[in-house]
Amino acid sequence: SVPSTLSRKPATRRMNLLYNFNTQTNVNKPSFFEMFLESQMISSLNPAFEYIAAVLAQNNPRYLPLSVYSDEIFYSVVAILERHYLKHYDGSFSENFYGLKREIVTKDGKKGPPLQRKQKLWSLFFLVVVPYLKVKADKYYTNYCSDAVPSRRQPEGVKGLLKKVFTKLYPVLSGFYEALFFIYQVLYMYNYTDYFTPFLQLQGLTVQRRTMSDLVRQSKKVVDIKNQRKKIAGNKLMLAWFFLGDTAKFVLDFSQYLLPSAIFFFKFLEWWYHEPRFEKPPEVIPPPPEAPQKASNGVKIPKDISLCPLCEEVRKNPAMAASGFVYCYPCLFTYVEKHNRCPITFMPMEVDQIRRLYDSV
């Protein structure tokens with residue numbers, strides 16, 4: 001009946017959500033957690049690189065350009081890595097690190113041909129250029145446009161107008177950018193889309209796990225390269241050129257292990273040397289004692305603190321009694337020598353307890 005069908009819909013929906021979240025109809029489709037970790041890898045390396053550059057610049061001024069242009073240097077290295085992995089492995093640096101690859105999806109939803117030069121260039125643009133522009137825009141807004149920045153003289157003319165427009169629009173655009181990525185991630189998590197980011201859908205690409213056929217194809221490429229080297233064994237110039245290329249490829253391939261390990265090592269050193277156990281506990285500074293009470297027959301304390309309580313004139317050669325009150329040195333010396341006490345509090349003291357105050361040179 002209709003009522004019974006309607007009553008089953010909420011339960012069915014919950015079951016579907018749990019099914020989509022915990023299982024995959026496509027065994028080669030990465031889980032949400034694999035994609036999330038992959039997407040955060042490069043963005044987490046950038047702050048670590050900035051920290052290393054800042055430490056080097058603090059220890060040696062020659063490395064200051066490394067800190068000033070840390071974003072440009074970092075994303076230049078990322079561009080080299082991404083180009084290498086897209087060219088040889090049909091995936092980004094972080095995708096290859098997690099055993100993933102990119103595939104073309106045709107209009108009917110089927111797997112398309114291998115990545116072409118056009119898809120690789122667009123992938124490089126969205127992997128390097130867009131994140132770089134986003135990082136620079138975030139820093140510019142934080143340093144020059146946010147409310148936390150102290151007010152400074154605003155530029156005039158076209159530059160000032162552009163800054164005002166940027167200040168108004170950028171928070172909205174940045175919020176829309178982050179919200180769009182969040183929506184795609186939620187949809188991917190519940191298996192409503194095969195695209196983890198809107199950029200992948202713009203390119204018509206999905207991310208899949210590497211299969212045994214991919215590994216066989218990669219091994220075949222290595223064998224073909226070795227056969228090509230044998231054919232040109234007599235050409236030393238070509239062999240030297242290929243040797244340089246193979247060395248560069250080996251270094252870039254090994255970077256997927258070397259780079260995360262190096263960043264982890266530096267972050268470990270940062271944690272190790274900033275632990276509280278290496279710092280002395282802060283010393284507790286006792287509060288200053290309360291001012292001693294004036295004796296009933298003591299000298300009157302002037303309202304103007306620059307006056308001597310004894311001569312009621314501006315202090316000359318200021319000196320302090322044992323009680324902490326300040327007088328002219330001649331006035332205090334004469335009084336203490338005669339009465340052996342502080343003029344205000346009657347606190348017992350001797351002449352040798354008078355302390356000169358050097359408040360001026």
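Let's start with a cysteine: Cys 311 counts as partly exposed, because its relative accessibility is 29%, and "partly exposed" here is the range between buried (under 20% relative accessible area) and exposed (over 50%), using a 1.4 Å probe and protein chains only. This is a predicted model, where local features need pLDDT of at least 70, side-chain atom pairs count only at pLDDT 80 or more, and totals for chains, interfaces and linings use all residues. Residues are numbered from 1 along each chain as its sequence is written, and side-chain values use heavy atoms, with hydrogens and water left out.

**The two cysteines**

- A disulfide is a covalent bond between the sulfur atoms of two cysteines.
- The test used here asks for a pair of cysteine sulfur atoms within 2.5 Å, and by this rule the count comes to zero disulfides.
- So what about Cys 311? Its closest cysteine sulfur sits in Cys 328, 3.8 Å away, and that is too far for a bond.
- Cys 328 counts as buried, because its relative accessibility is 5%.

- Two packed helices are described by the angle between their axes and the distance between the axes.
- A quick word on names: helices (H or I, at least four residues) and strands (E, at least two) are DSSP runs, numbered from the N terminus.
- Take helix α2 (residues 32-59) and helix α4 (residues 70-89): their axes come within 10 Å and cross at roughly 135 degrees. Axes are lines fitted to C-alpha atoms, for helices over the stretch in contact, and angles run from 0 to 180 degrees between N-to-C directions.
- α2 and α4 are therefore oblique to each other. On this scale, angles under 35 degrees are roughly parallel, over 145 roughly antiparallel, 65 to 115 roughly perpendicular, and the rest oblique.
- On the α2 side, the residues in contact include Ile 42, Leu 45 and Phe 49, and on the α4 side they include Ile 73, Phe 74 and Val 78. Contact means heavy atoms within 4.5 Å.
- Sorted by type, the residues of the α2 and α4 contact are eight nonpolar, two polar and three charged. Ala, Val, Leu, Ile, Met, Phe, Trp, Tyr, Cys and Pro count as nonpolar, Asp, Glu, Lys and Arg as charged, and the others, Gly among them, as polar.
- α2 also meets helix α7 (residues 157-189), with axes that come within 9 Å and cross at roughly 150 degrees. That makes α2 roughly antiparallel to α7.
- The crossing of α2 and α7 is right-handed as well.
- Phe 32, Met 35 and Phe 36 of α2 make this contact with Gln 185, Tyr 188 and Met 189 of α7. Those residues divide into five nonpolar, one polar and no charged.

**Buried residues in helices**

- Leaving aside neighbours within four places in sequence, Glu 38 is in contact with Ser 92, Ser 94, Glu 95 and Tyr 98.
- Glu 38 and Glu 95 are 57 residues apart in sequence, yet 6.1 Å apart in space, C-alpha to C-alpha.
- Gln 119 lies in helix α6 (residues 117-145) and counts as buried at 18% relative accessibility.
- Not counting residues up to four places away in sequence, Gln 119 touches Ile 104, Gln 203 and Leu 205.

**Loops worth a look**

- Thr 345 sits in the loop between α11 (329-339) and β5 (355-356) and is buried, with a relative accessible area of 13%.
- Thr 345 is in contact with Pro 292, Gln 293, Ala 295, Ser 323 and Phe 325, leaving aside neighbours within four places in sequence.
- Thr 197 lies in the loop between α7 and α8 (198-203), and counts as buried at 14% relative accessibility.
- Most residues other than glycine have a negative phi.
- Phe 346 is not a glycine, but has a positive phi of about 65 degrees.
- Asp 90, in the loop between α4 and α5 (93-97), has a positive phi too, near 55 degrees.

Conventions
A crossing is left-handed if the near helix is turned anticlockwise from the far one by less than a right angle, and right-handed if clockwise.
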